[in-house]
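Hi everyone, thanks for making time this morning. Let me put it on the screen.

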Amino acid sequence: MKKLISLLLVAALCLTLTACSDNNSNAKKTKNDRLVIGFAQIGHEAGWRDAETADIQWYAARRTDTIELHFADAQGQQENQIKAIRGFIDMGVDVIAFPPLVETGWEEVLTECKNAGIPVILVDRGVDDSIDDSLYTTMIASDHVWAGEQAAIVMENLLGGSGVVVELEGTVGASAAVQRKQGFDSYMAANCPGIEIVASESGDFTLDMGKEVMASLLAAYDSIAGVFCHNDEMAMGAIEAIKEAGLKPGEDIKIVSVDGVKGAFEAILAGELNCTVECTPILAQQIFDTAAALKAGETVEKWIMSDDGVYTADKVTQELVDNRAY
Ligand code: GYE
């Protein structure tokens with residue numbers, strides 16, 4: 001009898017132990033099981049970038065059981081982005097993501113990422129073509145050359161094929177600026193002999209600079225018929241400068257820009273902006289899904305391209321503005 005009791009006790013103990021170990025394996029994921037991702041943001045030059053940041057932080061904050069986000073703000077300095085990336089390497093994150101402030105100067109730190117075996121996702125901007133493309137894994141971004149071409153086609157129609165045009169460029173050396181310019185200028189050169197681009201200057205993607213540069217161009221040229229702004233923020237500045245010069249934005253001077261932020265749609269409804277070519281900053285889901293795939297050892301496309309639209313006045317309604325996510 002005693003034997004039987006001890007046998008039963010041992011059996012009960014085994015069952016308990018099994019239950020315990022099962023419990024353990026079902027327990028909440030430990031920290032290391034989470035997708036650890038380092039994001040080195042450029043800074044917050046305008047609403048567009050703030051929307052991108054908010055989307056990423058919001059997305060990660062709702063999934064803290066599976067995602068561990070380390071977010072750095074480089075305050076507009078490439079060297080700070082590089083520092084942040086090196087910090088992520090030291091931490092041993094699973095994936096590093098960042099929008100390269102400018103196209104050049106990344107070889108060294110990208111090589112360090114590669115040597116550490118950490119995949120890199122470029123976000124919203126690219127790096128120079130001459131960089132060995134094995135140094136990054138993929139890019140999640142809009143097609144900026146396409147955006148420039150679309151802006152040129154719309155401008156050509158707005159001007160009826162002839163007139164003087166000026167261009168407000170984005171941050172010097174940023175792929176988003178270089179490629180939008182390339183798309184716009186080459187379309188114009190190939191298709192619009194009657195349109196002359198008389199000036200092209202950087203407004204650094206900001207409203208204040210856009211306004212300042214536009215004011216100086218208005219003082220230098222009195223026959224400007226159109227302005228292509230590399231982002232909506234500079235278009236807002238240009239609108240202010242045009243008004244201050246006693247002219248009507250959208251009528252006396254046609255304005256086409258890029259991004260598709262809510263404020264641009266409002267300006268289109270007000271008749272002060274003629275078109276915005278979309279470039280979505282809502283990239284979080286793609287960033288985290290891609291990072292998870294990379295952590296799982298999957299291969300992904302080299303360029304995950306956003307699906308953007310072209311918004312001329314005929315396509316913009318109050319409903320569209322009200323439902324705009326950014
Ligand atoms: O268009 C602009 C921002 O890199 C695509 O950067 C991004 C651009 C965006 O400052 O508004």
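Let's begin with the lining of the largest pocket: β5 (138-141), α5 (144-158) and α6 each put at least two residues into it. Keep in mind as we go that this is a predicted model. The largest pocket holds about 270 Å³ of space. Its lining runs to 19 residues, and the ones nearest the centre are V127, D129, Y136, M139 and Q179. If you sort that lining by class, you get 7 nonpolar, 5 polar and 7 charged residues.

How many cavities of 30 Å³ or more does a search of the whole structure find? The search turns up 1. The volume of the largest cavity is about 140 Å³. There are 13 residues lining the largest cavity, and W48, R49, R125, N231 and D259 are the closest to its centre. Two elements, α2 and α6, each give two or more residues to that lining. In terms of class, the lining of the largest cavity splits into 5 nonpolar, 2 polar and 6 charged residues.

And what takes up the largest cavity? That space is taken by the ligand. The elements contributing two or more residues to the shell around the ligand are α2 (47-61) and α6 (175-191).

Let me go through that shell by name. Around the ligand you'll find E45, W48, R49, D124, R125, H144, A176, R180, F205, N231, D259 and C279. By class, the shell has 4 nonpolar, 2 polar and 6 charged residues.

D259 has a polar side-chain atom 2.5 Å from an oxygen atom of the ligand. For D124, a polar side-chain atom sits 2.6 Å from a ligand oxygen. With R180, an N or O atom of the side chain is 2.9 Å from an oxygen atom of the ligand.

How much of the ligand's exposed area does the protein bury? On its own the ligand exposes 300 Å², and the protein buries 100% of that.

Methods. Residues numbered from 1 in each chain as written. Predicted model: local features only at pLDDT ≥ 70, side-chain atom pairs only at ≥ 80, totals over all residues. Heavy atoms only, no water. Near = heavy atom within 4 Å. Polar contact = N/O pair within 3.5 Å; in protein donor to acceptor, adjacent residues only side chain to side chain. Areas by Shrake-Rupley, 256 points an atom, 1.4 Å probe, with all protein chains shown as cover. 1 Å grid on protein atoms, 1.4 Å probe; cavity = no way out; pocket = protein on both sides within 12 Å on 5 of 7 lines; lining within 4 Å. Sits in = over half its atoms within 2 Å of the grid points. Helix = DSSP H or I, 4+ residues; strand = E, 2+ residues; numbered from the N terminus. Nonpolar A, V, L, I, M, F, W, Y, C, P; charged D, E, K, R; others polar. Points joined across faces, edges and corners; volume = space filled by probe spheres on them.
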